[in-house]
Structures are given as structure tokens and as C-alpha cells.
Amino acid sequence: MRSFSGLLVILLSANFALAQTSFHKMGQKALIDGNFKLAVTNLEKAVALDSSDVNTLYMLGYSYYHSSAYKEAVSTFSKVINLKPGDNSAYYYRGKARNIMATETKGMANTDREKLLLASIKDFSKAIELNQDDVKLYQNRAVAYRDYGVLKGQKIPNLYDKGKATSSFRSCIADFEKVLSITPDRRDVISQLEDARIYLQNLK
């Protein structure tokens, strides 16, 4: 009886492993094909069978992000980071998702926007700590600093803070300048840098 039970456990475990692998592969194919919603469907099933597979979790977070499911992307990339703290790409996408949520979600309280933007800046800073040569990290952190500066520069009670807005715009400018020091012909960054300087000058 014990040997039969043991065999049953082995067979069930093998079936779970095969199912997880199958959903993983189907999700991976959908992701490569750019069908992110189908990827989410399959990868969610794979994660349900094995929530410790960091590669499956990463693909699921990436698929959520590209499906505009930003809250789910943040949650999933947080799980990736818990399992693999040195994954700078997970910090990058979590930071981007948080920034988008803060700037594009309608009806969100300003306190929640502030928390998301500060968390986004922290994510990009951690990603830079892990990979100081990736120019896109500085550019995205500059955008997050800019968005935070704009938020804190609004003359709304309990929100406006000239000191924080000024500091944020200065950090934004420094990051854009860093990008241009590496890639000097970036007209888009030159334009964003000029706008940030104007925002800083207009703070009263």
C-alpha cells in the first residue's frame, strides 16, 4: 500500500511538472509572437503550478506590462525580485509600470501618485546600482524625477513642496545630462532636458 501511494505521488508530481512545462512553453511562444494576452493566460497557469520558477514569473510580469496590466506587472516583478534580488531588469520594468500607473491612472489620489513615483525612482536607482552602464535606466529615472517634480510643484494644499520639486528637477536634469554624455545626439533627450530646465526656472 505504501509503495502504491509513493508511486501515485511520483506520477502526480510528474504530471504537474509536465503541465507546468507545457504552459511555460506555450506562454513563451505567445510572448515571442507578441501575443501578450495569450502569454498571460498560459503563464498564469504555469505559475499556479510552480510559483517559484523565476523565469516563468519574469515572462508573466513582462507580458502583464505589455498588456497594460501594470498593477499585476508590479506584483509579479516584486516576486521575481524576492527570488532573484540581483535582476536589474525586474527593477526596471517594475519602475516603469509604477511610473505609468502614477501618471496615467485617472482618479488616483495624489498621495498614491506620490508613493508610486517615489517607488519608481527607487526601482530605477536600484537598477542603476546593479548596472551603471545602461543608459535607458538614467533616462527613465529622469522621467520619474520630472513627473515627481511636476506633482510636487502643483500648488495644492498638502501636496505643494517647492523644495522637493526643485530637488527632483535638479536630479532629473543631472540624469538627462548623464544620458547625453553617453549618447550626445539624442534629440528627444535634448528636448526633455530643455523642458526640465524651464520647469525648474518657473518654480515659484
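**Close-up views of helix packing and aromatic contacts**

**View 1. Packing of helices H4 and H5.** In this predicted model, the axes of H4 and H5 come within 9 Å and cross at roughly 155° (axes are lines fitted to C-alpha atoms, for helices over the stretch in contact, with angles from 0 to 180 degrees between N-to-C directions; helices are DSSP runs of H or I with at least four residues, numbered from the N terminus). Because angles over 145 degrees count as roughly antiparallel, H4 is roughly antiparallel to H5. The crossing of H4 and H5 is left-handed, the near helix being turned anticlockwise from the far one by less than a right angle.

Residues are numbered from 1 along each chain as its sequence is written, and side-chain values use heavy atoms, with hydrogens and water left out. Local features need pLDDT of at least 70 and side-chain atom pairs count only at pLDDT 80 or more, whereas totals for chains, interfaces and linings use all residues.

**View 2. The aromatic pair of Phe77 and Tyr93.** The count comes to nine aromatic pairs, where rings of Phe, Tyr and Trp (its six-membered ring) pair if their centres lie within 6.5 Å, and planes under 30 degrees apart count as stacked. Phe77 and Tyr93 form a stacked pair, 5.8 Å centre to centre with 15° between the planes. This pair links distant parts of the chain, with Phe77 in helix H4 (residues 70-83) and Tyr93 in helix H5 (residues 88-104), 16 residues apart. Both Phe77 and Tyr93 are buried, that is, under 20% relative accessible area with a 1.4 Å probe and protein chains only.

**View 3. The aromatic pair of Phe169 and Tyr199.** Phe169 and Tyr199 are likewise stacked, at 5.3 Å centre to centre and 15° between the planes. Phe169 lies in helix H8 (residues 162-182) and Tyr199 in helix H9 (residues 187-202), 30 residues apart. Phe169 counts as buried because its relative accessibility is 1%, whereas Tyr199, at 43%, counts as partly exposed, the class between 20% and 50%.

**View 4. Lysines over tyrosine rings.** Lys136 lies over the face of Tyr92, at 4.9 Å from the ring centre, and the charged end of Lys178 sits over the ring of Tyr138, 5.5 Å from its centre. A charge sits over a ring if NZ of Lys or CZ of Arg is within 6 Å of the ring centre and within 35 degrees of the ring normal.

Conventions
Rings of Phe, Tyr and Trp (its six-membered ring) pair if their centres lie within 6.5 Å; planes under 30 degrees apart count as stacked, over 60 as edge-to-face and the rest as tilted. Helices (H or I, at least four residues) and strands (E, at least two) are DSSP runs, numbered from the N terminus. Angles under 35 degrees count as roughly parallel, over 145 as roughly antiparallel, 65 to 115 as roughly perpendicular and the rest as oblique.
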